[in-house]
Amino acid sequence: MRQLAPVLRQDGVNSNLMSLIQTLLTACKEISFHVSQGDLAGMLGATADENIQGEQQKKLDVISNQLIKDVLLESGVVKAIASEEEDTTVAGDENGDYIVSFDPLDGSSNTDINSLIGTIFSVMKAPKDIAANDPALFLQKGRAQVAAGYVLYGPSTMLALTTGNGVRFFTLDKTHGEFLETHSNVQVPKDTKEFAINMSNQRHWQPAMQHYIADCIKGETGPLAKNYNMRWIAAMVGDVHRVLCRGGIFTYPQDTKNPNKPYKLRLLYEAMPMAMLVEQAGGLASTGYENILDIQPSEIHQRVAVILGSKNEVETCLSYHQKA
Ligand code: AHG
Ligand code: MN
Ligand code: MN
């Protein structure tokens, strides 16, 4: 099995981007260790604080954010970072080539139940004419990503990575502390019989999603003519990993549960990097009306509706939106 560096070199990744990815992964290895110690290290549970988005921070959210932030800002190749757990962007090296957006710990409600969690990241070139302390650095479409991925802290710690040359999986060999390539050319099957959605929000969805899911549930004798299965991990990173492994459709649609928050997932550090991975693996990622990678961001913590996964199934779901 190959280590990360030769694989990245083969994919034509330059030395600065390679060093950025490796630096980021040193923090992820440490997070993986802390996560695995759980209650033994007093790592579980919440803090007394909320992030800028009004969500209570878990201890592991804060620790993971600090670890990633520190290594990236000291790397010398990062001009600025944007994180779910930071109010605004944080400046790094004025001459840094890259900017990084990340969700330090996705699915943090799963920390206390020893279930799937992960780190999601997105890397773009830093515009030369915008200062390191200006959040405008980050207002670029998802198409501008030069690398995207996640590290899943599960029964094994896995990295899913794209640098624009398809998707590869790596597994952390904990005896040597190295990520080894365990799957190249990851492909999302075009068809699926598996959907992932938080069904408890059903009454709050828009009519298009109501109709699509209702038709899924009708099964073989309904208009979609197949029996579906449902899965929900409550961590996007876990649900997207399943989609990359065996296909499926994952969605967190618009809802009216909280009028001030029509969408749940964040564009920069959840939707965009996952959209790049899914598209690089032959799948599709949309809001229902627009490809996620074509959205022009206006704000670093902005949220969007997400429908992603197996191409034909996502297109079926989009056809309900076109009709609506
Ligand atoms: P985070 O823990 O980073 O705030 O993200 C949680 C997100 C996402 O990972 C997941 O798909 C979704 O919230 C789960 O939402 P529900 O609580 O509605 O299941
Ligand atoms: Mn998240
Ligand atoms: Mn998070």
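## Aromatic pairs: worked exercises

Tyr252 is buried, with a relative accessible area of 10%, where buried means under 20%, exposed over 50% and partly exposed in between, with a 1.4 Å probe and protein chains only. The model is predicted, so that local features need pLDDT of at least 70 and side-chain atom pairs count only at pLDDT 80 or more, while totals for chains, interfaces and linings use all residues. Residues are numbered from 1 along each chain as its sequence is written, chains are lettered from A and ligands numbered from 1 in the order in which they are written, and side-chain values use heavy atoms, without hydrogens and water.

**Exercise 1.** Classify the ring pair of Trp232 and Tyr252.

Step 1: rings of Phe, Tyr and Trp (its six-membered ring) pair if their centres lie within 6.5 Å, and planes under 30 degrees apart count as stacked, over 60 as edge-to-face and the rest as tilted. Step 2: the centres of Trp232 and Tyr252 are 5.8 Å apart and their planes stand at 55°, so the pair is tilted. Step 3: Trp232 is partly exposed, at a relative accessible area of 27%, and ring pairs join Trp232, Phe250 and Tyr252 into a cluster.

**Exercise 2.** Describe the aromatic pair of Tyr212 and Tyr320.

Step 1: the structure holds 4 aromatic pairs. Step 2: one of them, Tyr212 with Tyr320, is edge-to-face, at 5.5 Å centre to centre and 70° between the planes. Step 3: both Tyr212 and Tyr320 are buried.
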